[in-house]
Each structure stands twice: as C-alpha cells, then as structure tokens.
Amino acid sequence: MNRRSFLISSVGLMASGRLFAAPASAARFLLVFLRGGYDAANVLVPVSSAYYYEVRPNIAVQKAAALPVDADWGLHPALAQSLHPLYLRRELALIPFAGTEDTSRSHFETQDSIELGQPLGTRSYASGFMNRLARELSARRAISFTHQLPVAFRGEAQVANVALNAVGRAAVDARQSALIAEMYKGTDLGAQVNEGFTARDTVMRDLGDEMVAASRNAVAPRAFEEQAKRIARLMRGDYRLGFVDVGGWDTHVAEGGADGVLATRLEALGRGLGAFSQAMGEAWRDTVVVVISEFGRTFRENGNRGTDHGHGTVYWVMGGAVRGGRVAGEQVRVGRGSLFQDRDYPVLNEYRAVLGGIFARMYGLDPAQLAGVFPQAKSRDLALV
Amino acid sequence: MGRPLALAAMLLSACASAPPQVPARAAPEPIAWPDGSPAVALAVLNRVSWGANPSSQADIVRSGTGRWLDAQLRPAPAALPPDAQAAIDKMSLSQRPIGEIVAGIEQQRRTARNASADERKAERQAYQQELTRLAREAQTRMLLRALYSPNQLQEEMTWFWMNHFSVFQQKGPIRALVGDYEEHAIRPYALGRFRDLLGASARHPAMLVFLDNARNSAGRLNENYARELMELHTLGVDGGYTQRDVEALARVLTGWSLNFAGGEPSRFYPRRHDSGNKQLLGTTIRGTGAAELDQALDLLARHPATARFVSRKLAMFFVADDPPAELVGRMAQTFSATDGDIAQVLRSMFASPEFRASLGAKFKDPLQYTLSALRLALDQRPLPDPLPVIGALARMGEPLYARATPDGYPLTRTDWASPGQLATRFEIARAIAYRVPARLPAELAPPLGDATRDTLAKASSAQEWNLLLLSSPEFMRR
C-alpha cells in the first residue's frame, strides 16, 4: 500500500520560488552524516509491523517502549529528552525509505556517491553537491567541521574546514602567517592556505573565550554535544552552510534494542542535536538540519544480534521553521513483501530529489540552479520548510 | 610552482638519452638507474623513505641510486641506534609472546567483570590502562623504526600494508593485539608475497575482532569481514563480486575465531563452521573445513582484479594520486606473473620512467610530513618523547592504528590539503621548529624556489627560519 497523502509533487511549486520565511542570506543549512549506516529500523520503529517483531527477536524496540509518533511508527526511547520534544513541537520530520539507488551496500562506495550527488553511473570526484550548493549561493560562507574536507564539499567554491575536537589557540602568529602565505602566493595551494588562516581567525573570533584545546581524534558521538554547541556558535556567527559527520553506526554485533550500544550512541547524538537547536537561539527559525546516512541495515537481525549492510534508511529534517511533527514522503507498509531484495528497506524517496526540494524552498533556487546542484535530478517537494 | 615540473622535465630528458635496463625476467639484479646526480638521488630518497636526513643521504650517494633501491627491496637485518633498540627491547611486546599477553589481558578483563561493585571501577581502569600501554608500545616502536631504521622502504611498506589491512585499535582488545599484528602478520611480508599478507591478516585476532569474524559461525552469519575482504583487501569495489559472493565467502569464513586461553591467539573451530559447499566467484569450494579458507584466499589473491587494485594503490602511494594507467597495467602484469611478489612489483615501478618523472610532486600526508620533519631535525639523535608526536598525528586526523573505518587512510592530496589541515600543519611545524636550536639542513629538503628563499631571508631567528622551511610549499611534497 502506498501512502502518497503527504507528497506534494509539483514542478510548478518549485518554479514559484522561495517559501522559507528567513531571508536567503540568513538561511542556514547543516548536513549531518551518520557514517557507518545507522540502523534506521530501530530508530524510527515500525511498531505496527508484526514482521518487524518476528525477525528481530533479540533487538526489536518494543511498542510499549517506543515514543509515540503515529499509528505505524514510534521513536527510539533514547531520544525521549532530545528529539522527541522537537518532534512534538513539529520541528522534526522523518522521511523513511530514503536513500540512494546505489545498491553496492558498500559504506565507502555509497557514502561517496551520495556526497558527490551526481546521476548514478557518472562519477567525478572533482565536485560534491554541498560545494555546488555553495557555488549557487555564491555569497554565503561554507565550512566543514571535520579534519578533512568531505567529498560533499569538494569542488570550485572555497570551503573552510576545522576539526572542532582538535582546535586550540594558534601558536603561529599573524606575522608568521603572513610570511607563510607569501610563500604560497600563486601556487596551487595558495587559496587553501589563505582560507585556512582566515577560517582559523574566524573560528577563534566566533568561539571566543569558550575555546578549549582538546586533542581527541575521532568524532565520537559521546563528544558530539560539546561539538554541536560550537557548531551552533559558528553558524550563528559567520557561517551559513555546514557539514559534520558522526561515526560508529556499523552495528554488526550486539547492537541492543531499547538499551545497548545503538541506544547509547543515539542518546549522545540526540543530545547534541538538541543542544544545537537551543544554542542557535533566534537563528533556529532560519536553520534546517538534515541528518542522513549511507544506507539502512538488514531488516532481519543477523546471527550476532546485530544487523548487516542494507539499503533504504530514514532521513531526519529539523529546524525552527520545518513543517515537522510528521512522517513524510512516499511510504509503504512494512512487511516481508515490501522488503527490497527480501533483505532491507526499499528506497522510495531518493536523496537528490528530497534534498533538492528542501533547497528549492530554502533558497528559491530555480530549476537551472537546482540542476547545478543535482544534475539531471527531479526535485520533489515534500513541503518540509 | 614550476619546480616539480622542471625537475620532471630534467628527469625525462635524462631517460630519453639513457633508457633504463629493466631485466625482462625478474632477476634480483640491481636496478639500472640512468642518472647519477645527487639531486635526483635526493629526490628518490625523499620519495622512498620517511624523509631524507644526513645519514640516509650519505647512504644513497655512497651506493648509487639503483643499488640503494635494490638494497631497500631486499633489506638485510639492520641495527637501530643503540638507545632506540634498547627502548624496543625492553617493551612487553618484545619480551612476552602474544599468547601470554592476550591471556593476561583476558584474565584482567574477567577480574574486572567479576569484581565487587566497589572494586570494579579500579579493575576496569587497570584493564584499560594496560591496553593503552600496549598500544603506546606499538606506536612508539613504529615511530622509532620509521625515524631510525636504514631499511626505510620496509618501514614504509609496513605502514602501507597496515593501512591496507587496517584495524582500529579502539575496538575491543585490539590495543593489545595491534603490535603483534604489525610484527608477525604484516611486517615480515611487507616486501614478500601478497598472498602471505592475506593469509596472515585473515588469521590474526586483530582482524578477527575488528571485522567481527570472531563472531561469524554456521547459522549465525556475519558478513562484515567477507565484504571488506573483497572490497578493500583484494578485488576492489568494482572487482566483479556480488552479494551472493559476499554470503558465500562469509560461510567459508565461519569458525575462524579467537583463542585467548593461551598459545596461538586464534584458531579454527570446526563445529562453528558451515560445512556445505559454496560458490565463490564462479568456483565451487567444497565444504572441507579449515582448508576452505586457503582455497578462497588463493582465488582472491590470484584474481586479475586484485592485481590491478593492489598495483594501483601502490602506485598511488609511490607515484601519483591518479597514476598512469599504463604503469598500473605493467605493475599488475608483474603482480600476476610473479604470483603477487611485492618486491618485484615495486621493482618494476621504481624502474619505470613514470616513477622518475613523478619525483617531487606527491603531497605528503600528515604522517609523512611529521616523520620527514622529525628525521630532518633529529637524524641519529634520539627522539626525546614519542607522546607529542602521537598527539600531533591525532590532531592532524591521522593517528596511528586508529582509522575507525576499515578503508584505511586516504592517499591523495585532495584528502590532506584542505584549509584546516594546512593551518594545523603549520602549527605542528612550529612545534617542531622551535625545539631545534640551529637551522635545519635545508639542502636535504626538495629544491627551494625563489619565493621560499626570499621569505626565509626575512626570518628573525633560527627557529622562525625552521618554521618557514617546514611550512614551505616545497617541504609539503616528496
């Protein structure tokens, strides 16, 4: 059974321009990438599906434990203090059966193909979709909160990056920075070096006295709350487009149900996103956060009370002006018959269409500009903002 | 920057006048190197080592580039400086067999689990501290060898394969295992046969834990290792395998698990093995038990996709981010013709005009950058403290044994030359530069351009001069 009631698919609407209340220059977008393929079926729980309980005898989240969403779905209890309140305030929408048409079930292949955002079958590592978005929005500053510039941000537009868990006060002073920049003038790294110094100074200014040196290397979700507050300061300040990734979702073994490994990670992630929404203050009205992952996991638990690589996943869209409090997008009743390749969730809401729809509303991009971000994609307006 | 290009042009013209004499059959003869100039020797040294320093420079000039490369490909046992060797000798990793180490930490884990509520916290802490101590030993040993061993290629290749068969030390007890993994599964074969690396990594407890095969058993399949074994270790993602092959290989791998009770830390458990026949990549693997693993690994190691995938990765590390397809093709041919003899594949690469033309143009990753700066600063003098180095690598996003995902760290400039990376790198440069009392030997860095020379002239102290040298665009490349 397909439920298309929430879907407002209309090219006419797209062409009509911006629908987001915030002025385009104030609009902020943060992409959160959960690397490792989080187990979406245990986060947005299909509580009305008997088959879910049948094939997850050890790791299912019981209906009584799940937080109420609607007749068919419940939310993982670890999100009780963080995202469920956002959902109830209608600031969070969930899109099940979301993802990519890539069926390699490889983490790296699928992450790359999503970040590149190109039509399936073509692949150029020179350009990711967040960079193309930055280019279309030419005046707005973009930053990745990661050690390396992610594939999504590769490309022509100059994008800063800073690892918020490894920043400290700079020891290279202004004069030395200028001397170093001089050596790179006119070289193929000149732009990066300048951007690096500029971002370093901007980050110090925005974070101010809160800045504390810490040298953790991994973006462990447990540390995510502190990072999320810093991200908020920077996105309230100078930056308008952001990216961060959180790892540790590849739960092949003993992932747990209402409690356990996945619950612990979710709790920390939810707390971080909740803290971010509060720390944004007034600017939360102008902000859209989208949480994605490369794929969902096998619908059945495996032999080790974990799950293996799957296909369709659940995207989260949140923000002060998001039209949330609902499960959005095209859906199908969860059961054995609706599984993709008798293994995992199908993809009914392709990521380029969904994100394109959000960008169209946020920034009033016309079809040509949208095609610049997602070539050959048909945007679908889920009226999320 | 015109410098790498100019160097490449110079090298190309040198090749044109004196083509390299590559032996048709893979005979262990010295590589015929067409150019005896010290500048080219230095460029080779900066590529095929963790960085030039006065002693290694003297070595390569003394023996000549071709013979030096040849010796690197067939390393004789080498002595480290006495204090570095003594530091390694007194490590638990050197003094206790791995069976004893894992039995010890397993005992500690059980003690912590069974401790009374009051004592549990302290016992858990003791367990964690022991794991961390063992991991520090492995990290320190790696740094000492990279900084001081004359067998630089062997140390580079050890890192390369540790990265190819990557494990994440923060998972489970891997901190206690990673030192043995490097020492016994990877390092002995770093210049040997690919098939030996594959077999040793597949059976090592570090890999069995990291990719969950320790839990993979008949009727309770876990396909994590099977998938990465084909995608990341052998065939590559486009190597032509399907989801069915992943499942078949996962069944082959059932029953290979841990033994922390003493002795060999891993073994085959026949009762956990799926003894049915399997179809892997179109070949039937009969359900015979433990022998199936070697049959499957033979199939994977000899697959043409593996020859291409591994050769390309080697060329990305040693030649270019996007290595010439022709070169990769020739290396893959050597790989197949020699049954995956790594030294022979490298020999064909070093002897190629593509390799010579590429010298000086590869962007250093954070590890290469840090080690090259330290080698230049220290030469044979002892490293005062490994911890700040371990910390610096973490700060730059490339901590030792700590890539969380099984793909290993990336090898290209795009991955390591982002604005934030560079700003952090200059901070690391400063930390090193200000600990050196006199000017570093700039003549061992890649040749400096005018902009760098002009800027160096403005330095207000030897330390600032060192900072600028280590921050220069030339020093970012090898």
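Chain B and chain A bury about 4200 Å² between them. Carbon and sulfur atoms give 54% of that area. The model is predicted. Three residues, B:Arg395, B:Pro419 and B:Phe426, supply 13% of the area that chain B buries against chain A, more than any other three residues. In residue terms, the contact takes 56 residues from chain B and 47 residues from chain A.

Seven salt bridges link chain B and chain A. One of them can be traced directly: B:Glu247 pairs with A:Arg343. Their closest N and O atoms are 3.7 Å apart.

Which elements of chain B give two or more residues to the side that touches chain A? They are helices H13 (224-233), H14 (243-252), H21 (386-395), H22 (413-416), H23 (419-433), H24 (450-456) and H25 (462-471). H23(B) gives the most, with eight residues. By class, this side of chain B has 22 nonpolar, 15 polar and 19 charged residues.

The buried residues are A:Phe129, A:Met130, A:Asn131, A:Arg132, A:Leu133 and A:Ala134. What covers them includes three strands of chain A, E2 (28-34), E7 (142-144) and E9 (241-246). Helices H4 (107-116), H10 (351-363) and H11 (367-373) of chain A are also among the covering elements.

Terms used
Residues numbered from 1 in each chain as written. Chains lettered and ligands numbered in written order. Predicted model: local features only at pLDDT ≥ 70, side-chain atom pairs only at ≥ 80, totals over all residues. Heavy atoms only, no water. Contact = heavy atoms within 4.5 Å. Buried area = accessible area lost by both parts, 1.4 Å probe. Salt bridge = Lys/Arg side-chain N within 4 Å of Asp/Glu carboxyl O. Helix = DSSP H or I, 4+ residues; strand = E, 2+ residues; numbered from the N terminus. Nonpolar A, V, L, I, M, F, W, Y, C, P; charged D, E, K, R; others polar. Buried < 20%, exposed > 50% of the residue type's maximum accessible area, 1.4 Å probe, protein only.
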